[in-house]
Amino acid sequence: MALSLWALFAPVHAFDLVSVQEAQASMAASEPLSAKVSPVSGAPQIEVLYPKLDAPIASPTPIQLMFVPAASSMVRPETFKVLYGRLRIDITQRLVNAAKVTAEGINVQEASLPKGTHRLLMSVEDLQGRQGTKSLDFEIK
């Protein structure tokens, strides 16, 4: 019983958001073709609160996203999706396992990424099915 009580109060440890192998494979892949898509009017916006993107980022890093729906709708958190790198590896479940996704956003305490450049393509839908997307490029030092 003492072990399970200790586990409740144990510090949160960073998890590997992306492995070294996934990062290397993504960097080695060619840039995927993608259609130019205009943003959907009224689609929810995804704002990045953390990490701050004005300089290289240390790992592990917190990740905090805020979903901003149009005034006439609400975000459907179950539609949140995150794809990693040029290979567009679906890493959504890794984030969902580390933090709860709500209609307001997601707050991950510590995610580990290998050194180098990274790209996350995030999306979320609202009750009308409008999809908002955000591409995030950053460097881990």
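Buried means under 20% relative accessible area. That cut-off is needed for the first view of this predicted model.

**View 1. Arg130 and Asp126 form a salt bridge between buried residues.** The side chains of Arg130 and Asp126 meet, N to O, at 2.7 Å. Arg130 is buried. Asp126 is buried too. Each therefore falls under 20% relative accessible area.

**View 2. Glu125 pairs with Arg76.** The closest N and O atoms of this salt bridge are 3.4 Å apart. Glu125 sits in strand β7, residues 116-126. Arg76 sits in strand β4, residues 75-84. Glu125 is partly exposed, at 23% relative accessibility. Arg76 is also partly exposed, with a relative accessible area of 26%.

**View 3. Asp90 pairs with Lys81.** In this salt bridge, the closest N and O atoms lie 3.9 Å apart. Asp90 has 42% relative accessibility and counts as partly exposed. Lys81 has 37% and counts as partly exposed as well.

**View 4. Arg76, Glu78 and Glu125 belong to one network.** Salt bridges that share partners join these three residues.

**View 5. The whole structure holds six salt bridges.**

Notes
Residues numbered from 1 in each chain as written. Predicted model: local features only at pLDDT ≥ 70, side-chain atom pairs only at ≥ 80, totals over all residues. Heavy atoms only, no water. Salt bridge = Lys/Arg side-chain N within 4 Å of Asp/Glu carboxyl O. Helix = DSSP H or I, 4+ residues; strand = E, 2+ residues; numbered from the N terminus. Buried < 20%, exposed > 50% of the residue type's maximum accessible area, 1.4 Å probe, protein only.
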